Amino acid sequence: MPLPFKSTTTSQPFRSTSPLEMASAGGSFQVKVISKTLIKASDTTIQPYVLHPSNLDHLPSNIPSPFITIYPKPPSGGDYSSVAAILRRTLPTFLNYFFPFTGRIRPDENGVPEVHCNNEGAELVVARADIRLADVNFHDKSKSLEPIQLPYDEQIPLSIQVVGFACGGFSIVWGGTHLLSDGHGLSFLPTLWTEYVRTGQLSRIPNHDRSIFRPRSPPTYSPETDRSLACLTPDDLINSLSAGAFVKRLYHVEGKHIDRLRELASREGRGATRMEAFSAYLWKALATAVGDSDVSCRMAWLVDARQRLGPKYAQAMKDYMGNVITFATKEAGVAELVNGSYSQVAGMASAAVKEVADNAEDHFQEMIDWVESHKLGKRANRVQVGLGSPALVVSSFHHIGLNLDFGLGQPALAMADLPWGRLGSAFVIVLASPKGDGSLYMNAYIWSQLADVLESDPDRVFKPATAEDLGLVEPASHQIAEDL
């Protein structure tokens, strides 16, 4: 089984606002940091306190969790400097509602991370890129999206990074931490901030209370839960020197291909959702890539339980910021997957997710109890770190509607990301196109063999994402004028 390489995202101490040059992994363009400042919440009546993350937060723990938005040049004017000015003006009041994100993450006496909510400030970084968005290689993430995610101190829960491009477009990266939110929770930040800028108020108030998730006494969990989770030592983590095994890609899947896959997966007496059909395609591609190197392979799906827990959780879950995610995992034989119909494979995907979703309350309570019994050290789901047969993990954001227009138009791309690091499984994040045309984007960290299978499909279901797909290529007359 191929092994991944070490992440290029590393933590650095907070520094002063002196300019800093950041070169991309592929050397395609540079990002120059203009300033770094700390923005504090404005409400001085909020007393400092310590937020103790829930046991569910301790599974992903303190790894960076960025949310990336990329905006074309605003038709009404404005650029990255005006965006930075808007952030400086609105963040102090906005951060009153996200007070833990202005604190600092520090270990307790046992080395377990906790959040000191003392209003030391969220980080605001303003930078410039020496390239037009139209010239960015979006397909190869190491040459496009990675350079604009600037490293930040692991003690800082939130680093907001504005990068202006030579064309007048810009990006905003909301650099959060998994200790305080999963991907769904992190999407609250840009969504509610843009609403706050537009209206001056919030329609939803985030809930940071972790007390609802408590372990039982004594902690109790099943053998299945114990097998699915693992305490990790450095020896359990993938060797970080196997640099060529994984590639980082952004793909575009047109709506017509999703409709065709759904038609194929809906035969043999069952209907399939878009994601079930999409999962069937990915799983069959994974089996083809694995070939003779293993007898089986796995798919795993991140399941958000906010709408699946019982009535006692309903109110708290509505605007909950913390982690409420788990993995639904299914292993199958390579030959069975290659030779099986789309309908059969989609059915296996559906059954795996349904099993976890239907038993969400018991499943999450057992996870909470398991972490309580394994509080020290690193913990993770086995499928997440690649223990076992080759696995592809799918996280879907295609159903989350986001209005991210704060007065300068909607973004061309908005997506959660992960610092892949020493994960041993392939991982894809599925996003709906902001155009609302039924197409999808896939943020992928996958084996090069799987990329070859996807990209050699004669039907071209997975197309390399381009600036043109994203609507970031200006009319030729405008480009000529700028070049002159």
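Which residues does Phe138 touch, not counting residues up to four places away in sequence? In this predicted model, the contacts of Phe138 are Ile70, Leu133, Ser144, Leu145, Leu250, Ala465, Thr466, Ala467, Leu470 and Leu472. Phe138 also belongs to the largest nonpolar core, a set of 81 residues. Together with Phe165 and Ile172, Phe138 touches the most other members of that core. Helix 1, residues 80-94, supplies the largest share, 7 residues. A second core is separate and holds 50 residues. Among its members are Ala277, Val303, Ala328 and Val334. In general, nonpolar side chains of soluble globular proteins tend to be buried together.

Asp140 lies in the loop between strand 7 (122-129) and strand 8. The relative accessible area of Asp140 is 15%. The cut-off for burial is under 20%, so Asp140 counts as buried. Apart from neighbours within four places in sequence, Asp140 is in contact with Lys248 and Arg249.

Strand 9 spans residues 170-177. Of its 8 residues, 8 are buried. In a regular strand the side chains alternate between the two faces of the sheet. Phe170, Ile172, Trp174 and Gly176 lie on one side of strand 9. Ser171, Val173, Gly175 and Thr177 lie on the other. Both faces are covered. Ile172 is also one of the residues that touch the most other members of the largest nonpolar core.

Strand 9 pairs with strand 4 in the antiparallel sense, over 8 bridges. Within this pairing, Thr69 stands opposite Ile172. Strand 4 covers residues 64-71 and contains Pro66. Pro66 is buried, and its relative accessible area is 6%. Pro66 and Gly175 are 109 residues apart along the chain, yet their C-alpha atoms are separated by 4.2 Å.

Strand 8 (residues 159-164) also pairs with strand 9. The sense is again antiparallel, here over 6 bridges. Gln161 faces Val173 of strand 9 across this pairing. Strands 8 and 9 form a hairpin with 5 residues between the strands. In that hairpin, Gly168 takes a positive phi near 100°.

Strand 15 (residues 391-396) pairs with strand 17 (residues 426-432) in the parallel sense. This pairing runs over 5 bridges. Val394 stands opposite Val428 of strand 17.

Helix 5 contributes Leu261, Leu264 and Ala265 to the contact. Helix 9 contributes Tyr342, Ser343 and Ala346. By class, the contact has 5 nonpolar residues, 1 polar residue and no charged residues.

An open sheet of 3 strands has the order 3-6-5 and antiparallel pairing. Its edge strands are strand 3 (49-51) and strand 5 (104-107), each pairing on one side only. From one strand to the next, the twist averages 35°. Strand 3 and strand 6 (residues 113-117) run antiparallel and are joined by 3 bridges. Tyr49 stands opposite Cys117 of strand 6.

Terms used. Residues numbered from 1 in each chain as written. Predicted model: local features only at pLDDT ≥ 70, side-chain atom pairs only at ≥ 80, totals over all residues. Heavy atoms only, no water. Pairing = 2+ DSSP bridges. Helix = DSSP H or I, 4+ residues; strand = E, 2+ residues; numbered from the N terminus. Buried < 20%, exposed > 50% of the residue type's maximum accessible area, 1.4 Å probe, protein only. Contact = heavy atoms within 4.5 Å. Nonpolar A, V, L, I, M, F, W, Y, C, P; charged D, E, K, R; others polar. Core = buried A, V, L, I, M, F, W, Y, C linked by side-chain atoms within 4.5 Å. Axes fitted to C-alpha atoms, helices over the stretch in contact; angles between N-to-C directions.
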